[in-house]
Amino acid sequence: MIIDFTVGNYCSINDKITLSFEAKSGFEDLSELYLVEPKEGLKLLKFGTIMGANASGKTTILRSLEILRMLVCEPFGNKNRPLSFYVPYWFKIRQDEPTELSIHFIASNLQYHYAVSFNNRCIVQERLRVQDKSWRTIYSRETNEENQTVIIKIGVNYFRYRKDFKLLEKSTLWNNTVLGGSLKVSIDIPHLQKAVEWFDHYLYPMIEPDTNLYGYVSSLIDQGKISKKRLLKYLHGADLMIEDFIIKKESWDNIDEKVKMKLVESNPDMSLEEIKENFPLRHVEFVHSNGESRVNVDYIDESLGTQRFYQLCGVLDMLLYQKCMFFIDEIDNSIHPDLLEYLLKTFLVNSTESQLLISTHHREWLMQEDFVRPDSVVFTEKHSDGSSHLYRLSEFISINKFNRAFTYYEAYRNGILGATPSYRSIIMDEGEDE
């Protein structure tokens, strides 16, 4: 599980900001819904919400976490490939300073700390530590940019793995992390491998508003990795009049021409050959019933909201029945607020060791005070210099909530908590253009 995540010098983020999943004291009413204790005395939130105005930094935070995941799980195969996701703070005078990322997490009952910095050419530095009885460095790494070579320094407790580290040093490209490089070679460094497994198995790729999970979710259902029975239960709970759904395997040639046309229209950036290649060969039909009759409706003919809900139900099932973390940008995209609350409450009530981090503009969620913990809500706001900053709702709330003059929603709606957009006059001056 993630304890906290830090990012500095990336897009709208100048000074380092930290998103923490550590629970704050004084909010014990919802502990059974929100808290997990992976280690004695360490209480972590399994759910976090990022709220704020457009362009305040919500997506930037989620993308920086995705970059960290990619640096470990998707190493480059070519040393000449630039790190195109390197985007230093926009208003920095020096544009060559590295972006810095770090994360504390729990894996196999041990606490780890991983830090990495990079520019557009290479990984500049990285370090992996583990806490057993005390903090110990597993390795640290530097890059000789002139020679494009990697230098690994081994922690004193890991000298017995010299040969494995030497192999890693030779095989890690200057634009890859050592953790990423370890995926390409056969080594036996237990603590390092546990850290890599955590990144690879626990962290799932970022879900953006335009991420299409249709083929992915349908494939997992067809393979039995997501329970169709449980997914139907989620759909029934949303009262969409969906009685059943059928997954058919069909070749492109046998698919209805109307479906083909809609696939082409919905993927304007892909050629016909690319669509054929990426088409999952799994075709979903929903069985709708009004109590008297039934009708099969093709997935492509369903509303965008129903399509999105089907996809997120697949994510929900993975969160409930696996140990994993998803982070979803603008989760309210195409979803009715009541259905969104249904998904979030189902996760909170039934999840155990998974984590979910979302960004949303659905401020009405703050009305659900019997489900909202103030330390789980984070606001993003831009300062006058254009930099993004973070703060928690819990920083504004008295421990005795009955002393509050406003509800969470009212306080945010009225601008007391900040993190809201500001706009100028809606009256257009006809003389401005002149």
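**Cysteines, core and charges**

Modeller: Cys73 counts as buried, at 16% relative accessibility; buried means under 20% relative accessible area, exposed over 50%, partly exposed in between (1.4 Å probe, protein chains only). Residues are numbered from 1 along each chain as its sequence is written, and side-chain values use heavy atoms, leaving out hydrogens and water. This is a predicted model: local features need pLDDT of at least 70, side-chain atom pairs count only at pLDDT 80 or more, and totals for chains, interfaces and linings use all residues.

Colleague: How many disulfides does the structure hold?

Modeller: Cys122 is also buried, with a relative accessible area of 0%. Its sulfur is too far from the closest one, 19 Å away in Cys11. For the structure, the number of disulfides is zero.

Colleague: Which residues touch the most other members of the largest nonpolar core?

Modeller: A nonpolar core is a set of buried Ala, Val, Leu, Ile, Met, Phe, Trp, Tyr and Cys residues joined through side-chain atoms within 4.5 Å. The largest one has 125 residues. Contacts of Phe199 (heavy atoms within 4.5 Å) include Leu68, Cys73 and Tyr114, leaving aside neighbours within four places in sequence. The residues touching the most other members are Tyr114 and Phe199.

Colleague: How far is the nearest side chain of opposite charge from buried Lys46?

Modeller: Lys and Arg count as positive, Asp and Glu as negative; His and the chain ends are not counted. A salt bridge puts a side-chain nitrogen of Lys or Arg within 4 Å of a carboxyl oxygen of Asp or Glu. Lys46 has no salt bridge, but its side chain reaches the backbone oxygen of Leu33 at 3.0 Å. The nearest side chain of opposite charge is that of Glu32, at 9.6 Å.

How values were computed. Polar contact = N/O pair within 3.5 Å; in protein donor to acceptor, adjacent residues only side chain to side chain. Disulfide = S-S within 2.5 Å.
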